Amino acid sequence: MKTLVVGSGGREHALAWKLAMSPKVQTVFVAPGNGGTEADPKLHNVPITDFGALADFAQREKIALTVVGPEAPLAAGIVDLFRARGLRVFGPTRAAAQLESSKAFAKEFMQRHGIPTAKHASYTDPAAAHAHVDSNGVPIVIKADGLAAGKGVVVAMSAAEAHEAIDWMLVDTANQLGVQHNAGGARVVIEEFLVGEEASFIVVSDGRHAVSLATSQDHKRLLDHDQGPNTGGMGAYSPAPVVTPNVHAKAMHEIIQPTLAGMAAEGTPFTGFLYAGLMVDDHGQPRTVEFNCRLGDPETQPILMRLKSDLFDLLMHATDGTLDQVELKWDRRTALGVVMAAHGYPLAPRKGDAITGLPPDADDAMVFHAGTTMQDGTLVTSGGRVLCATALGDSVKLAQQHAYDLLHGIRFDGAQYRRDIGFRAIKR
Ligand SMILES: Nc1ncnc2c1ncn2[C@@H]1O[C@H](COP(=O)(O)OP(=O)(O)O)[C@@H](O)[C@H]1O
Ligand SMILES: [Mg+2]
């Protein structure tokens, strides 16, 4: 059968790579894909991004299953469009994707359904937002309501920072870097500051049932020891030891199941990958930091490297509503991925640097591509996060060594990467 993956990042390369392993899958198209999906003879790039044209392509090619990687097309309703055209697609509808595309929606939803999360209030009026900070003190967390590609959250340690963030998000809106406002214009969510360790808890949902994927943890800051600016993610590993069996059970019973039941009861059942960003406190109580309506990048790369089951089968069950029949098998080893980013990332990533020294693909060692493209027969950088060197090992330490061994052969001018991916798990 033929499948289609929508997107162009490392997450989509990993999805396509794993789908291609299924004996039931003959062809995997990736739209638009990247230099890595182009180089793989089992994958085929399709230079289409317009949803209508993609649906035409899926109909013409008789695509059995389309999987949507990133949040932007989901929030814009690509799943609604494909379904209306009778196409099988895995992902949430536009209405269900609000769990990610509106932080205010997600917080109000969690409050209605008693799902553990930080206390919050949301404001469109700057004076009221400033007053909230004055009466609650710091640390405090200020979030822009719409999709912001990881740039819409300020964890303010001082009152000045909090006030500045409010002005930036509500008053100085002309200066905003890519925050997409929802209906009603600029809005901020102000949250209580939660203490603990974060983990990514991702499930596959068919609207009623959920199957959890292996747990993971990513590293958001650019530099070693979690210093420097926030990024889309500089590395990740799976499993995340902070998610003990007890934390796992609580996350399923107190967060995932009530979320799926609540979304169904409200007439917007959630189908797709549901990602709960958890903050786990010292007592092992998880709270929801945020929901994403898709897989994480780079968490997907180590997670899928550990998945032994057939991804195509899993997603067919998910689109048939039969996930209650599925049990997933996982490699017991740890998988760890280290991102190599371009010169100037995250503020102003440079493009066009030639990449050399890529190792051959293997089942336990893969370099997934993100910001790469083929230019006159040469692989060059074309985006902020360029590659993610991902490998398995019998311990976090060994997986880390294996991933860095892969990475050390790769060269491009200005490459940036962290040397300490996995340090929290190694410390434990
Ligand atoms: N209530 C909170 N308490 C403490 N830290 C938080 C809180 N909310 C968010 N953060 C921190 O900010 C990061 C980004 O926030 P998040 O809601 O995940 O937004 P996004 O991923 O859309 O940028 C989180 O990963 C976490 O480190
Ligand atoms: Mg987040």
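1. **Ala76.** Ala76 sits in the loop that links α4 (71-75) to α5 (78-84). Helices here are DSSP runs of H or I with at least four residues, strands are runs of E with at least two, and both are numbered from the N terminus. Is Ala76 buried or partly exposed? Ala76 is partly exposed, because it has 16 C-beta neighbours inside 10 Å. The cut-offs are these: buried means 20 or more other C-beta atoms within 10 Å of a residue's own, exposed means 12 or fewer, and partly exposed is in between, with C-beta atoms placed from the backbone. Ala76 and Gly150 are 74 residues apart in sequence, and their C-alpha atoms are 18 Å apart in space.

2. **Ground rules.** This is a predicted model, in which local features need pLDDT of at least 70 and side-chain atom pairs count only at pLDDT 80 or more, while totals for chains, interfaces and linings use all residues. Residues are numbered from 1 along each chain as its sequence is written, and chains are lettered from A and ligands numbered from 1 in the order in which they are written.

3. **Domains.** The assignment gives domain 1 (2-93) and domain 2 (125-186). Such bounds come from an automatic or database domain assignment. The centres of domain 1 and domain 2, taken over C-alpha atoms, are separated by 35 Å.

4. **Ligand 1.** How many residues surround ligand 1? There are 16, and the closest are Ala118, Val153, Glu191, Leu194 and Glu290. A residue is near the ligand if its C-beta atom, placed from the backbone, lies within 6 Å of it. Two or more shell residues come from each of β7 (140-144), β8 (153-156), β9 (188-192) and β17 (286-292). By type, the shell holds seven nonpolar, three polar and six charged residues. Nonpolar covers Ala, Val, Leu, Ile, Met, Phe, Trp, Tyr, Cys and Pro; charged covers Asp, Glu, Lys and Arg; the others, Gly among them, are polar.

5. **Helix α7.** The helix α7 (residues 103-112) has these buried residues: Lys103, Ala104, Ala106, Lys107, Phe109 and Met110. Their cover includes α6 (98-101), β6 (120-123), β7, β9, α10 (245-265) and β17. Contact here means C-beta atoms, placed from the backbone, within 7 Å. Gly114 follows α7 and has a positive phi, near 65°.

6. **Helix α12.** Which residues of α12 (residues 311-320) are buried? They are Leu311, Phe312, Leu315, Ala318 and Thr319. They lie on the same side of α12, because they cover an arc of only 125° around the axis. The arc is that of the directions from the helix axis to the C-beta atoms. These buried residues pack against β1 (2-7), α1 (10-19), β4 (65-68), β5 (89-90), β10 (197-206) and β16 (271-280). Just after α12 comes Gly321, with a positive phi of about 80°.

7. **Helix α13.** This helix spans residues 396-408, which makes 13 residues. From first C-alpha to last, α13 reaches 18 Å, close to the expected 18 Å. The expected span is 1.5 Å times one less than the number of residues. Buried in α13 are Val396, Ala399, Gln400, His402, Ala403, Leu406 and Leu407. Their arc around the axis is only 165°, so they are on the same side of α13. They pack against β15 (235-238), β18 (334-341), β19 (365-369), β22 (385-393) and α14 (423-427).

8. **Leu222.** Leu222 belongs to strand β13 (residues 221-223). Why does Leu222 count as buried? Because 20 other C-beta atoms lie within 10 Å. Leaving out residues up to four places away in sequence, Leu222 touches Gly228, Pro229, Thr231, Met234 and Pro346. Pro346 is 124 residues from Leu222 along the chain, yet their C-alpha atoms are separated by 8.0 Å.

9. **Backbone points to check.** Most residues other than glycine have a negative phi, and most peptide bonds are trans. Asp226 has a positive phi, near 55°. Asp226 is in the loop between β13 and β14 (227-230) and is partly exposed, because it has 14 C-beta neighbours inside 10 Å. Asp376 also has a positive phi, near 50°. Its loop runs between β20 (372-375) and β21 (378-381). Asp376 counts as exposed, because it has 5 C-beta neighbours inside 10 Å.

10. **Cis peptide bonds.** Ala31 and Pro32 are joined by a cis bond with omega of about 0°. Pro32 lies in strand β2 (residues 27-32). The bond from Ser238 to Pro239 is cis, with omega near 0°. Pro239 is in the loop between β15 and α10.

Methods:
Contact = placed C-beta atoms within 7 Å.
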